Amino acid sequence: IHVVWASLALAPQAVFAARASTTIAAPAPKAASAPPPPAAAGNPPGRSSPAVTVEHFNRLVQAFRTLVARTEQIEKSVQELKSATGGAPTKPAPGAEEVVDLNALDLGVSPTGAAPDATGASTADASPHLNPHHSGGSSLQFKVLFDLNFYNRPGVADLTFDNFHTFLMAEALPNAALQFQFDVNPTPRWYELDYTPWSWITVRAGKIWIPFDDLTPHNLFGGRVNTQKLMPDPPFLPALWADLGVGLKFVPLDIKQFKLTIDTYVTNGFGDGGTDPTGATTAYPSFGDMSLVADNNRAKALGGRIQGTLFGVFGLGTSINWGRWSDESTTAHYATLIGADTQLRLQMIGVEIRSGLAVALYDLPAGATSQNVGMYGEVGWQFWKRRFKVLARGGTLQMDNRTINAADMWIVGGTLLYRIAMIEISIEHSRDLFYYAPKKNYEFTNLRLVVAL
């Protein structure tokens, strides 16, 4: 383009120098018998081509320069867009499960530490910024997720329609380094501001997602996706684990063979208000919805997660969360949660294997101590153009090692999913194999429709 531009800039001198040597000189006498010159192509007989003046040519060159300048601006904008989105639109990973990315909402995977999907999709090794955007000027994007469930839980709800998820999410992207996402709700379940000054570090602030295990965002401990309406009572972990505080995400190594991600954070942490399963009336920690528990002490919870991925196939993570749960006016009591998880993703054949273990250790009044343990394992296989997926899943929960209660479980089950465009249809069945007389429900069957756009 620049070569042509330079040539056109010099062309007027050459053209008009040639015209001066042939047309400006004194005209020779006309021969009486000379025939008229032939008509120019495309002109009627007797009419010559219109004269091209210096002014006309300069206008043409100026128009071309304007075109070049606008083309360069478009190319610059495209390069900025590619830099902000990693060079290409984000596509769902083959291992993604039954929806739905709270950040991208594309029935794909979501990142750990960013807004995850709503029902248990794989998250490790995904980009923290999934939505393409222009780096100049602010933009606001909205995503929605609704589901309709027709399920049977004998002893709890016999053959009923219900809704598990109703999400309206917004994401503001003022530039390539800033991202603000939030739950559109009078009392938001999460909101997070991410600042990425360099590609290897992200500063997080708000009601941030807690990076623990392979949360997506619901945990699978016990062998089932623990949504708010399906999680045990008392809960093992929050259905949506987000807490007020700040965090840092580091990616010190990101090469084809290995990626290392380190998350750290400081938040309010868990509080009291739980019910002791032994029947004691003393204070007991609550591991439920963080928005329902006010910060009850000046101490802050500390936590972190380290995730390593080898060749994009094998992932290994370890997580920790530690903090005071007791009220400021009482003796200090602390809870420590430790987790380990693995993932094996064989994308060529559409197979994914995931497993996790978590242990909660906490001290109680009067010198007592307690321990909660949760495990899960899952095998998934996608087939027929990746539109179908079959899942086999199982897990166990022990809510307090001092006693047996109705929240203890040992679940096995399976799910068949079909996905096309913004719609997903699934059928699931699971059974709790741990018998305990006061327990009301052992089976769960669900036909589910999800719409995400």
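## Aromatic pairs and a buried glycine

Phe270 has a relative accessibility of 6% and therefore counts as buried, a term that means under 20% relative accessible area, with exposed over 50% and partly exposed in between, for a 1.4 Å probe and protein chains only. This is a predicted model, in which local features need pLDDT of at least 70, side-chain atom pairs count only at pLDDT 80 or more, and totals for chains, interfaces and linings use all residues. Residues are numbered from 1 along each chain as its sequence is written, and side-chain values use heavy atoms, with hydrogens and water left out.

Rings of Phe, Tyr and Trp (its six-membered ring) pair if their centres lie within 6.5 Å, and planes under 30 degrees apart count as stacked, over 60 as edge-to-face and the rest as tilted.

| Pair | Centre to centre | Between the planes | Type |
|---|---|---|---|
| Tyr151 and Phe164 | 5.6 Å | 45° | tilted |
| Phe270 and Phe287 | 5.0 Å | 75° | edge-to-face |

Both Tyr151 and Phe164 are buried, and Phe287, at 5% relative accessibility, counts as buried as well. Phe270 and Phe287 also belong to one aromatic cluster with Phe212, Trp241, Tyr284 and Tyr362.

Gly315, at 1% relative accessibility, counts as buried. Not counting residues up to four places away in sequence, Gly315 touches Gln307, Gly308, Thr309, Asp341, Thr342 and Gln343, where contact means heavy atoms within 4.5 Å. Gly315 and Asp341 are 26 residues apart in sequence, and their C-alpha atoms are 8.1 Å apart in space.
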